[in-house]
Amino acid sequence: VHALAASAQLTVEMASAGLGPLAIIKTESAQVAVGTLGICIAGLVMGKVWFMSIEHKKPRTLTPQWQAATAKYRAMQKQDPIRNM
């Protein structure tokens, strides 16, 4: 019985040896939960940084040149058949 307990303890120590900071968490389900939470937080932080970096940029489709070219193309293609209503 003692050999089985020692074998189980050795297996747990070997399994948690390569986990780095997650090695302090004892159960596997808690390690998975903490790892998943860490990945989610990292994604949220990266998303926030991305949106903050593009927040003040104006889309290229809002320039006057783009709008004029769009109006010209729509007129050429007769995309607005009902006018002046």
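Helices (H or I, at least four residues) and strands (E, at least two) are DSSP runs, numbered from the N terminus. The model on screen is predicted, so that local features need pLDDT of at least 70 and side-chain atom pairs count only at pLDDT 80 or more, while totals for chains, interfaces and linings use all residues. Residues are numbered from 1 along each chain as its sequence is written, and side-chain values use heavy atoms, with hydrogens and water left out.

Colour the protein by pLDDT, the predictor's confidence in each residue, from 0 to 100: the average is 80, and 74% of the residues score at least 70.

Select helix H1 (residues 2-17) next, where confidence is lowest, at a mean of 58. Where pLDDT is low, the predicted coordinates should not be read in detail.

Move on to helix H2 (residues 28-54), where confidence is highest, at 94, and pick out isoleucine 41, which is found in this helix. Isoleucine 41 has a relative accessible area of 47% and is therefore partly exposed (buried means under 20%, exposed over 50%, partly exposed in between, with a 1.4 Å probe and protein chains only).

Finish at helix H3 (residues 64-77), whose 14 residues should span 20 Å at 1.5 Å a residue, in agreement with end C-alpha atoms that are 20 Å apart; the expected span is 1.5 Å times one less than the number of residues. Just after H3, select lysine 78, which takes a positive phi of about 55 degrees.
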